[in-house]
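Visitor: Could you walk me through some of the contacts in this one? I'd like to start with the charged pairs and then move on.

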Amino acid sequence: MKTLGLIGGTSWHSTVVYYRKINELVANKIGGWENPPMIIYSLNIKLMREQNIPKIKAEYLKIARKLEDAGAEAIIICANTPHMVFEYVQPLIRIPIIHIGDAIGAEARKHNIKKLGLLGNRPTMTGSFIQDRLKKGYEIETLIPDAEYIDSAHNYISSELTQGKFTDEAKKFFKQQMELLKDRGVEGIILGCTELPILLDQKDFDLPLFSTTDLHIQKAVDFILEKVSTVS
């Protein structure tokens, strides 16, 4: 098995899910008597909340190099938003970063889906790091909620979900957003925050829900078991 480096902490709740599920899936594949070698760096979520992009990029590069030096053969970032650093960090290290957008795109391609709705925090929804990856690599159009709902979505995630608080009010809000995106013609919904699949699952909606957490974890498992492929 290959050694995987994990960058977590944003939030630690989702990082726990990544670690547990990677171990479970690998164990299921190889019989349950082994677990994969992993190196975890859990950073302080305060870094992301400061929204100092140069500082975020520099810190992620430093962490990626530490994982590389420690023997990681690939890196997975256990959250959506920090993928904003991908274009900066990837050319400056020797090992691949398994991009969360590739995990989404590969699954959407299986369903022949060309238009997806994206839910997440403000940087994820309004940034280009997922939308451009899907457009360039998979010819998928991505729609986000109307501007009037962006702040509410961000606040539910940053003030509640990443703090381990999952309320009926938050669930009702995000289900409403999924309905509005469906009315605009999307064929599926990206749960683009690693805490959203904890709040919502497929039984909550009648279009395919793409859990970035689960899809990304599967990519990690494929890499560990030497089956990964990514879009360059």
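**Charged pairs and a helix crossing**

Guide: Lys62 forms a salt bridge with Glu59, and the closest N and O atoms of the two are 3.4 Å apart; a salt bridge here is a side-chain nitrogen of Lys or Arg within 4 Å of a carboxyl oxygen of Asp or Glu. This is a predicted model, in which local features need pLDDT of at least 70 and side-chain atom pairs count only at pLDDT 80 or more, while totals for chains, interfaces and linings use all residues. Residues are numbered from 1 along each chain as its sequence is written, and side-chain values use heavy atoms, with hydrogens and water left out.

Visitor: Where do Lys62 and Glu59 lie?

Guide: Both are in helix H3 (residues 53-69), three residues apart, which is about one turn of the helix; helices (H or I, at least four residues) and strands (E, at least two) are DSSP runs, numbered from the N terminus. Lys62 is partly exposed at 42% relative accessible area, and Glu59 is also partly exposed, at 22%, where buried means under 20%, exposed over 50% and partly exposed in between (1.4 Å probe, protein chains only).

Visitor: How many salt bridges does the count come to?

Guide: By this rule the count comes to 13 salt bridges. One of them joins the side chains of Asp102 and Arg133, at 2.9 Å from N to O, and this pair links distant parts of the chain, with Asp102 in helix H5 and Arg133 in helix H7, 31 residues apart.

Visitor: Are Asp102 and Arg133 buried or exposed?

Guide: Both Asp102 and Arg133 are buried.

Visitor: OK, switching to the helices: at what angle do the axes of H5 and H7 cross?

Guide: The axes of H5 (residues 100-110) and H7 (residues 131-138) cross at roughly 50 degrees and come within 9 Å; axes are lines fitted to C-alpha atoms, for helices over the stretch in contact, and angles run from 0 to 180 degrees between N-to-C directions. H5 and H7 are therefore oblique to each other, since angles under 35 degrees count as roughly parallel, over 145 as roughly antiparallel, 65 to 115 as roughly perpendicular and the rest as oblique.

Visitor: And which residues make the contact?

Guide: Gly101, Asp102, Ile104, Gly105, Ala106 and Arg109 of H5 meet Arg133, Leu134, Gly137 and Tyr138 of H7, contact meaning heavy atoms within 4.5 Å.

Visitor: Last one: what is Gln177 in contact with?

Guide: Leaving aside neighbours within four places in sequence, Gln177 is in contact with Leu119, Pro145 and Tyr149. Gln177 is found in helix H9 (residues 168-183) and is buried, with a relative accessible area of 1%.
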